[in-house]
Amino acid sequence: YGSRFPTAEACFGSLGSYPSVIEKFPSDAIVGVNPPFTDGYLQHMLETTLDDLVKKVKRVHLTVPVREAPWRKQLHRLKGASFASRFWDSTALTGKALTHP
(Lines give C-alpha, C1' and ligand atoms only; values in the text may rest on other atoms or scores of the structure.)
Protein backbone atom coordinates (compact mmCIF):
# COMPACT_ATOMS: atom_id res chain seq x y z
CA TYR A 1 0.00 0.00 0.00
CA GLY A 2 1.00 3.61 -0.33
CA SER A 3 0.96 5.83 2.70
CA ARG A 4 1.56 9.36 3.83
CA PHE A 5 4.38 8.27 6.16
CA PRO A 6 6.07 5.39 4.30
CA THR A 7 9.17 5.30 6.52
CA ALA A 8 7.14 4.88 9.69
CA GLU A 9 4.70 2.45 8.02
CA ALA A 10 7.21 0.29 6.13
CA CYS A 11 7.04 -2.36 8.85
CA PHE A 12 3.28 -2.62 8.13
CA GLY A 13 3.82 -3.13 4.40
CA SER A 14 3.90 0.39 2.92
CA LEU A 15 5.74 0.35 -0.41
CA GLY A 16 6.19 4.13 -0.47
CA SER A 17 4.36 7.40 -0.57
CA TYR A 18 1.36 8.25 -2.69
CA PRO A 19 1.27 8.89 -5.65
CA SER A 20 4.81 7.77 -6.57
CA VAL A 21 4.14 4.32 -5.09
CA ILE A 22 1.83 3.51 -8.03
CA GLU A 23 4.88 2.79 -10.20
CA LYS A 24 5.88 -0.03 -7.81
CA PHE A 25 2.63 -1.98 -8.23
CA PRO A 26 2.93 -4.94 -10.65
CA SER A 27 0.64 -4.94 -13.69
CA ASP A 28 -1.25 -8.02 -12.46
CA ALA A 29 -2.04 -6.41 -9.09
CA ILE A 30 -5.52 -5.90 -7.71
CA VAL A 31 -5.31 -2.64 -5.79
CA GLY A 32 -7.64 -1.36 -3.10
CA VAL A 33 -7.83 2.42 -2.90
CA ASN A 34 -9.31 3.99 0.21
CA PRO A 35 -8.10 7.60 0.29
CA PRO A 36 -8.74 9.94 3.21
CA PHE A 37 -12.23 11.36 2.77
CA THR A 38 -11.07 14.97 2.45
CA ASP A 39 -12.00 16.88 -0.68
CA GLY A 40 -8.32 17.58 -1.45
CA TYR A 41 -7.27 13.91 -1.45
CA LEU A 42 -10.41 12.76 -3.24
CA GLN A 43 -10.12 15.40 -5.92
CA HIS A 44 -6.46 14.56 -6.53
CA MET A 45 -7.15 10.82 -6.68
CA LEU A 46 -10.14 11.04 -9.01
CA GLU A 47 -8.97 13.85 -11.27
CA THR A 48 -5.22 13.23 -11.43
CA THR A 49 -4.11 9.76 -10.35
CA LEU A 50 -6.97 7.31 -10.98
CA ASP A 51 -6.51 7.06 -14.76
CA ASP A 52 -2.83 6.15 -14.35
CA LEU A 53 -3.66 3.56 -11.73
CA VAL A 54 -6.43 1.96 -13.82
CA LYS A 55 -4.05 1.70 -16.81
CA LYS A 56 -1.23 0.23 -14.67
CA VAL A 57 -2.91 -2.58 -12.72
CA LYS A 58 -5.36 -5.42 -13.37
CA ARG A 59 -8.20 -4.17 -11.16
CA VAL A 60 -8.94 -1.28 -8.80
CA HIS A 61 -11.31 -1.43 -5.84
CA LEU A 62 -12.07 2.21 -5.00
CA THR A 63 -13.79 3.29 -1.81
CA VAL A 64 -15.09 6.86 -1.69
CA PRO A 65 -17.96 8.47 0.21
CA VAL A 66 -21.31 9.11 -1.41
CA ARG A 67 -21.75 12.85 -1.33
CA GLU A 68 -22.02 15.74 -3.72
CA ALA A 69 -18.60 17.20 -4.50
CA PRO A 70 -16.78 18.51 -7.59
CA TRP A 71 -14.77 15.26 -7.95
CA ARG A 72 -17.88 13.02 -7.95
CA LYS A 73 -18.55 13.53 -11.68
CA GLN A 74 -15.23 11.76 -12.34
CA LEU A 75 -16.78 8.45 -11.24
CA HIS A 76 -19.05 8.37 -14.32
CA ARG A 77 -16.11 7.91 -16.68
CA LEU A 78 -15.14 4.54 -15.17
CA LYS A 79 -16.30 2.04 -17.81
CA GLY A 80 -17.55 -1.21 -16.34
CA ALA A 81 -17.59 0.13 -12.78
CA SER A 82 -19.94 -1.40 -10.27
CA PHE A 83 -21.08 0.16 -7.04
CA ALA A 84 -21.56 -1.62 -3.74
CA SER A 85 -25.10 -1.63 -2.46
CA ARG A 86 -24.60 -3.87 0.58
CA PHE A 87 -21.98 -4.39 3.26
CA TRP A 88 -21.32 -7.03 5.91
CA ASP A 89 -21.97 -5.89 9.48
CA SER A 90 -19.59 -8.02 11.54
CA THR A 91 -21.17 -6.98 14.81
CA ALA A 92 -24.71 -7.98 13.79
CA LEU A 93 -23.43 -10.87 11.61
CA THR A 94 -25.72 -9.87 8.78
CA GLY A 95 -25.69 -8.08 5.45
CA LYS A 96 -27.05 -4.53 5.38
CA ALA A 97 -28.05 -2.19 2.58
CA LEU A 98 -25.92 0.87 1.97
CA THR A 99 -28.08 3.94 1.88
CA HIS A 100 -27.53 7.31 0.29
CA PRO A 101 -27.18 10.00 2.96
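This is a predicted model: local features need pLDDT of at least 70, side-chain atom pairs count only at pLDDT 80 or more; totals for chains, interfaces and linings use all residues.

Student: OK, which backbone nitrogen does the side chain of Asp-89 reach?

Tutor: That of Thr-91, at 3.0 Å. Asp-89 itself sits in strand β5.

Student: Is Asp-89 buried or exposed?

Tutor: Buried: its relative accessible area is 14%, and the cut-off for buried is under 20%.

Student: And what does Asp-89 touch, leaving out residues up to four places away in sequence?

Tutor: Thr-94 and Lys-96. With Lys-96 there's also a salt bridge, where the closest N and O atoms are 3.0 Å apart. On the Lys-96 side, relative accessibility is 33%, which counts as partly exposed.

Student: How many salt bridges does the structure hold?

Tutor: There are 3. Another one joins the side chains of Arg-77 and Asp-51, at 3.0 Å from N to O.

Student: Where do Arg-77 and Asp-51 lie?

Tutor: Arg-77 is in the loop between β4 (59-62) and β5 (86-89), while Asp-51 is in helix α2, so the pair ties together parts 26 residues apart in sequence. Both ends are partly exposed: Arg-77 has a relative accessible area of 27%, and Asp-51 has 33%.

Student: What about Glu-68, which residue does its side chain meet in a salt bridge?

Tutor: Arg-72, with an N to O distance of 3.4 Å. Glu-68 counts as exposed at 67% relative accessibility, whereas Arg-72 is partly exposed at 22%.

Student: Switching topic: what volume does the second largest pocket have?

Tutor: About 420 Å³. Its lining is made up of 18 residues.

Student: Which of those lie nearest the centre?

Tutor: Gly-2, Ser-3, Tyr-18, Val-33 and Pro-35.

Student: And which helices or strands each supply at least two residues of that lining?

Tutor: β1 (2-3), β3 (30-33) and α2 (39-56) each do.

Student: Last one: how many nonpolar, polar and charged residues are in the lining?

Tutor: By class, 12 are nonpolar, 4 are polar and 2 are charged.

Technical notes:
Residues are numbered from 1 along each chain as its sequence is written. Side-chain values use heavy atoms; hydrogens and water are left out. On a 1 Å grid over the protein atoms alone, a cavity is a set of points where a 1.4 Å probe fits but cannot get out, and a pocket is an open set with protein on both sides within 12 Å along at least five of seven lines; lining residues have an atom within 4 Å of a point. Grid points are joined across faces, edges and corners, and a volume is the space filled by probe spheres set on the points. Helices (H or I, at least four residues) and strands (E, at least two) are DSSP runs, numbered from the N terminus. Ala, Val, Leu, Ile, Met, Phe, Trp, Tyr, Cys and Pro count as nonpolar, Asp, Glu, Lys and Arg as charged, and the others, Gly among them, as polar. A salt bridge is a side-chain nitrogen of Lys or Arg within 4 Å of a carboxyl oxygen of Asp or Glu. Buried means under 20% relative accessible area, exposed over 50%, partly exposed in between (1.4 Å probe, protein chains only). A polar contact is a pair of N or O atoms within 3.5 Å; within protein, one must be able to donate a hydrogen and the other to accept it, and residues adjacent in sequence count only if both atoms are side-chain atoms. Contact means heavy atoms within 4.5 Å.
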